[in-house]
Protein chains: 2
Amino acid sequence: MKLFYSNTIEDDILLLPQEEAVHCFRVLRHKIGDQINVIDGKGNLYLCEILDTKSGSARIISKKENFGSHPYNIHIAVAPTKNTDRFEWFLEKATEIGIDRISPIICKHSERKVLKAIRGQRIILSAVKQSLKAYLPLYDDAISFEDFIKEFNADDKNSEVLKYIAFCDEELISKEGFERKSISEAVEHISSAKKSCIFLIGPEGDFSPQEALTAMKSGFTPISLGSSRLRTETAALYAVAAVNLYNQD
Amino acid sequence: MKLFYSNTIEDDILLLPQEEAVHCFRVLRHKIGDQINVIDGKGNLYLCEILDTKSGSARIISKKENFGSHPYNIHIAVAPTKNTDRFEWFLEKATEIGIDRISPIICKHSERKVLKAIRGQRIILSAVKQSLKAYLPLYDDAISFEDFIKEFNADDKNSEVLKYIAFCDEELISKEGFERKSISEAVEHISSAKKSCIFLIGPEGDFSPQEALTAMKSGFTPISLGSSRLRTETAALYAVAAVNLYNQD
């Protein structure tokens, strides 16, 4: 099944944005009267009939809700990697497996502080369509580590969210009176508590001790992702795969 | 910790191959008398003192066995993707997380039938060093799907190996009298039985019905990797992450 995307839907008529229309009409050579499948990024899959190839309009025949949804809610806040390909690879793979929100965070040891947001959005949309989903993950603008922690410390709604930080320095963790959990313990807890979760994943040089401490004091439980030293993008994807594996239908 | 690799070790002297020597002496500017860490790809980590920068020789001071080993054995047989980057990405990520053997298999629907084996080896070695391991996964030459199945059907040793094939066509599976397991069931079984495992992952167009049937009749249990439609390389990595997650120390 080939999916198109539209965010302009009124009553039973939708419009394909230009990039989607070019792909639909020029590349795939669809004609007026053809039936196509369109997602809205909010969970709906529409079966439509093409009305007009110039405006890109189509008439909705039927609608399927919660298409390609997953029974968990995961938010990854991750430092963009120095090499953009590696970060974009994470965006694609996390979307394929199933993620709800991605926040690029700029940390003390971050070597990359600027991101191509539109390119990232495009990669995510492409992965949503390729993996047969109708929910577009939320892709935040880059934010500083401190501001991210403030947002998720202050927000009362977040008592319903289990918060974790992947951090390696076990000595610092225990010195400060915290206890590190394994990723298995974390995902088992997420699964049994049926709560949303946030994972913080640091840059190539890891979080600074100060950042880790701030996060732990703000309710982020330190976790280990196992005995391998994983790259940033691998660690972030590993967390997504782990939550997905423990929360399959 | 920075690791180098050598496969030429006699008594307490080892030689760095040319590529490693260039990196050690020209790029990182190590001198005679410096101490370096060297792996042999067979599980050993050596602390050495550089003797000579021309021959690349070093004297072994101490040895650590089973460095970066993992408590499971996973073999992935996967069809190379049309886009080489995607396959090479899998090689890197699977090595980081922890894999023992990779067999590229050429299937009926494979669009890529030739691989750059040396480039793949280099990527794997780089990921081994980056993720602080001393075991180099076995990277087989590409083999046809039929030959691979013959090898793992006939071989008596393989009764100790749990065999799985990721395959989506549930109708065919049940029509032929087989039962599909979930990936969670599979990895739980691998973990409790403490056995080695093989996963077959198909190309972009999936295995042909004939291939899936051949595999199932040869003792490969069909499994589902969840509700998302994953790309070949994502599916293969997901299986590695799942086995790793259920078999942490």
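Copies of a chain are superposed here by least squares on the C-alpha atoms of residues with pLDDT of at least 70 in both. This is a predicted model, in which local features need pLDDT of at least 70, side-chain atom pairs count only at pLDDT 80 or more, and totals for chains, interfaces and linings use all residues. Residues are numbered from 1 along each chain as its sequence is written, while chains are lettered from A and ligands numbered from 1 in the order in which they are written.

**Relation of the two chains**

- Chain B is superposed on chain A by a rotation of 180 degrees with 0.0 Å of shift along its axis, at an RMSD of 0.0 Å.
- The two copies are thus related as by a two-fold rotation axis.

**The interface**

- Chain A gives 25 residues to the contact and chain B gives 24 residues, where two residues are in contact if their C-beta atoms, placed from the backbone, lie within 7 Å.
- On the side of chain B that touches chain A, helix 8 of chain B supplies the largest share, 6 residues.
- The copies meet through the same surface, because 100% of the interface residues of chain B are also interface residues in chain A.

**Residue A:Ile201**

- A:Ile201 lies in strand 13 (residues 196-201) of chain A; helices (H or I, at least four residues) and strands (E, at least two) are DSSP runs, numbered from the N terminus.
- A:Ile201 counts as buried because it has 27 C-beta neighbours inside 10 Å; the term requires 20 or more other C-beta atoms within 10 Å of a residue's own, with C-beta atoms placed from the backbone.
- Beyond its neighbours within four places in sequence, A:Ile201 has contacts including A:Ile76, A:Ala166 and A:Thr232.

Key
Buried ≥ 20, exposed ≤ 12 C-beta atoms within 10 Å, placed from the backbone.
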